[in-house]
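Work through the exercises below with the coordinates loaded. Each task is followed by a solution in steps.

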Amino acid sequence: MKLTFLCFGSRGDVQPYIALGVGFQRAGYDIRIATHDIFKELVASKGLEFALVKGNPREMLEGNSAREALKTGGNILNMAVKFRKFAEELMNEMLD
């Protein structure tokens with residue numbers, strides 16, 4: 001059976017899925033990790049198949065929408081509204 005794990009975010013978000021993939025691979029599954037290009041070598045180093053998810057999480061987090069979401073003066077509701085816009089842009093780019 002072939003499984004694909006869709007992972008995005010930082011290394012801390014992706015690495016647990018790589019470990020999970022290694023465990024499934026040892027159990028006889030064919031595993032593919034779909035994630036950002038910056039993790040391609042990490043995925044390959046564990047003997048797992050790599051599939052590209054567009055976008056660079058660091059660039060996205062340093063972009064205008066993310067900066068706007070963080071400039072809320074401590075207002076959590078305002079931050080949530082702005083973060084939603086950032087998250088929509090992020091998901092659209094990655095799933096394109």
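**Exercise 1: Strand pairing**

In β3, arginine 32 has glutamate 49 as its bridge partner. The model is predicted, so local features need pLDDT of at least 70 and side-chain atom pairs count only at pLDDT 80 or more, while totals for chains, interfaces and linings use all residues. Residues are numbered from 1 along each chain as its sequence is written, and side-chain values use heavy atoms, with hydrogens and water left out.

Task: list the elements in order, then determine how β2 pairs with β3 and β1 with β2.

Solution. 

Step 1. Assign the elements: helices (H or I, at least four residues) and strands (E, at least two) are DSSP runs, numbered from the N terminus. The protein has five helices and three strands, and along the sequence they follow the pattern β-α-β-α-β-α-α-α.

Step 2. Apply the pairing rule, by which two strands pair if DSSP finds at least two bridges between them. β2 and β3 run parallel and are joined by four bridges; besides the partner of arginine 32, alanine 51 in β3 is the bridge partner of alanine 34.

Step 3. From β2 the chain passes through helix α2 (residues 40–45) to β3 in a right-handed β-α-β crossover. A crossover is right-handed if, with the strands pointing away from the viewer, the path from the first strand over the helix to the second runs clockwise.

**Exercise 2: Salt bridges**

Task: find the salt bridges and state which parts of the chain they link.

Solution. 

Step 1. Search for a side-chain nitrogen of Lys or Arg within 4 Å of a carboxyl oxygen of Asp or Glu. The count comes to two salt bridges.

Step 2. Take the pair of lysine 2 and glutamate 49, whose side chains meet at 2.8 Å, N to O.

Step 3. Take the pair of arginine 32 and glutamate 49, with the closest N and O atoms 3.9 Å apart. This pair links distant parts of the chain, with arginine 32 in strand β2 (residues 30–35) and glutamate 49 in strand β3, 17 residues apart.

Step 4. Salt bridges that share partners join Lys2, Arg32 and Glu49 into one network.

Step 5. Classify the accessibility, where buried means under 20% relative accessible area, exposed over 50% and partly exposed in between (1.4 Å probe, protein chains only). Lysine 2 is partly exposed at 45%, glutamate 49 is partly exposed at 35%, and arginine 32 is partly exposed at 25%.

**Exercise 3: Aromatic pairs**

Task: count the aromatic pairs and describe the geometry of two of them.

Solution. 

Step 1. A pair of aromatic rings is described by the distance of the centres and the angle of the planes. Rings of Phe, Tyr and Trp (its six-membered ring) pair if their centres lie within 6.5 Å; planes under 30 degrees apart count as stacked, over 60 as edge-to-face and the rest as tilted. The structure holds three such pairs.

Step 2. For phenylalanine 5 and tyrosine 17, the ring centres are 6.3 Å apart and the planes stand at 50°, so the pair is tilted. Phenylalanine 5 lies in strand β1 and tyrosine 17 in helix α1 (residues 11–26), so the pair ties together parts twelve residues apart in sequence. Phenylalanine 5 is buried at 14% relative accessible area, whereas tyrosine 17 is partly exposed at 38%.

Step 3. For phenylalanine 24 and tyrosine 29, the values are 5.2 Å centre to centre and 75° between the planes, an edge-to-face pair. Phenylalanine 24 is partly exposed at 28% relative accessibility, and tyrosine 29 is partly exposed at 28%.

Step 4. Ring pairs link Phe5, Tyr17, Phe24 and Tyr29 into a cluster.
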